[in-house]
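Here are some notes from a colleague to read alongside the structure.

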Amino acid sequence: MTIYGVDSKEYNQTINDDKSDHRLSIWYHPIYTSGIHPDARFPRDRYTKLVDKLTTPEYSRKFIIKQPTEASRSELIIAHDPSYVDNFLNQNLTEKEIRRIGLTPWTSQIIPRTLLLMGGAIAALEHVMENGGIAGNMAGGTHHAHYDFGSGYCIFNDLAVCSLMALNKYQLTKIAVIDLDVHQGDGTATILQNVDEVLTISVHCKQNFPFRKSESDYDLELPADSGDEEILATVAKALDIAEQFNPELILFQAGVDGLATDALGKLNISRQAMSKRNEMVFDLAVERLIPTLVFMGGGYSDPIDHTIDAFGDLFLSASRANNQFLSKIDSEASDSIN
Ligand SMILES: [Zn+2]
């Protein structure tokens with residue numbers, strides 16, 4: 001018997017192969033590192049070091065690393081002032097605007113880097129909208145970018161662009177942004193302030209940047225030096241709020257700058273608790289079958305290796321959860337056929 005001209009045995013084999021391919025799709029481009037000047041204070045090597053780790057034989061079978069294409073102007077203006085976007089693209093930002101962003105000194109590569117980084121987030125969104133499960137961008141989480149200016153290493157806001165794209169292009173009606181970076185997601189909060197369909201939750205350290213905080217739908221502030229127990233209890237609260245909202249999509253800003261070893265973050269979380277934090281988010285995603293996007297966020301340990309280890313843990317947890325998520329979808333689908 002043949003189906004569509006293909007021998008049925010082969011056809012079934014193809015289906016089985018597809019089903020067993022539950023690797024985590026992650027978007028990455030070498031320009032994530034090379035697009036930042038080597039003299040910049042930002043630890044640009046973290047991207048190459050992380051991709052080296054995730055492509056070692058120990059890890060590589062768990063991931064598909066995909067190359068993004070550049071985001072377009074029309075995608076950026078979903079969440080940003082067209083004049084700000086044009087000034088950036090035409091290299092017309094003022095010195096002051098550039099200083100507020102950081103990542104200096106800038107090279108012309110900052111433009112393709114930014115567009116590819118945004119493209120990585122958009123591609124990951126498209127992927128989970130088509131396939132369900134979890135996907136990620138190996139950069140981004142640019143939550144300090146506002147509607148018409150950038151700040152704190154962030155030029156355009158990938159969380160806001162993906163949220164609004166999920167509403168406009170994919171007709172979702174409930175999206176939760178869960179921002180667990182040590183810094184408040186101030187840009188995300190202001191851009192999405194009047195968008196009822198998007199719930200913004202930020203768990204962050206009160207004494208960290210930005211010093212003038214914006215208003216998320218829920219801000220769960222922690223004092224400096226909070227440790228594992230207090231942080232995990234607060235994350236649990238944040239996840240309860242998210243779950244009650246009943247979202248169709250989670251955007252997870254997974255910054256690891258709350259680590260005790262971080263040079264900027266003032267929280268005191270251990271590597272184990274950081275990993276537990278991530279598992280808690282992914283457990284919610286799997287339990288309720290909510291497609292989830294992972295944005296890397298901050299991480300500035302000195303030496304940087306602690307940050308890389310924590311991001312490695314993050315993507316391993318995401319990969320495990322994605323596998324569980326897709327297996328659950330597969331078994332539900334076969335239950336409904338049988
Ligand atoms: Zn941060």
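The points below start with confidence and then visit a few helices and strands.

1. **Confidence.** Please keep in mind that this is a predicted model. The mean pLDDT of the protein chain is 93, and 94% of the residues reach 70 or more. The stretch to treat with care is residues 1–19, where the pLDDT is below 50. Beyond near neighbours in sequence, residues 1–19 have 7 contacts in the model.

2. **Helix α3.** Find residues 46–54, which form helix α3. Which residues of α3 are buried? They are Arg46, Tyr47, Leu50 and Leu54. Looking down the axis of α3, you will see these buried residues within an arc of 95°, so they line one face of the helix.

3. **Strand β3.** Now move to residues 24–27, strand β3. Leu24 and Ile26 point one way from the strand, while Ser25 and Trp27 point the other way. Are these residues buried or exposed? All four, Leu24, Ser25, Ile26 and Trp27, are buried.

4. **The neighbours of β3.** Strand β3 runs parallel to β4, and 4 bridges join the two. Across from Ile26 you will find Ile65 of β4. Strand β3 also runs parallel to β5 (residues 134–137), here with 3 bridges. In that pairing, Trp27 has Asn137 of β5 as its bridge partner.

5. **Helices α8 and α9.** Next, look at α8 (residues 110–131) and α9 (residues 158–168). They pack at an angle of about 35°, and their axes are 10 Å apart. The crossing of α8 past α9 is right-handed. Which residues meet there? From α8 come Met118, Ala121, Ile122 and Leu125, and from α9 come Asp158, Val161, Cys162, Met165 and Ala166.

6. **Asp309.** Finally, pick out Asp309, which sits in helix α13. Why is Asp309 called buried? It has 20 other C-beta atoms within 10 Å, and a residue counts as buried if 20 or more lie within that distance.

Methods: Residues numbered from 1 in each chain as written. Predicted model: local features only at pLDDT ≥ 70, side-chain atom pairs only at ≥ 80, totals over all residues. Buried ≥ 20, exposed ≤ 12 C-beta atoms within 10 Å, placed from the backbone. Arc of directions from axis to C-beta. Pairing = 2+ DSSP bridges. pLDDT = per-residue confidence, 0-100. Contact = placed C-beta atoms within 7 Å. Axes fitted to C-alpha atoms, helices over the stretch in contact; angles between N-to-C directions. Left-handed = near helix turned anticlockwise from the far one by under 90°.
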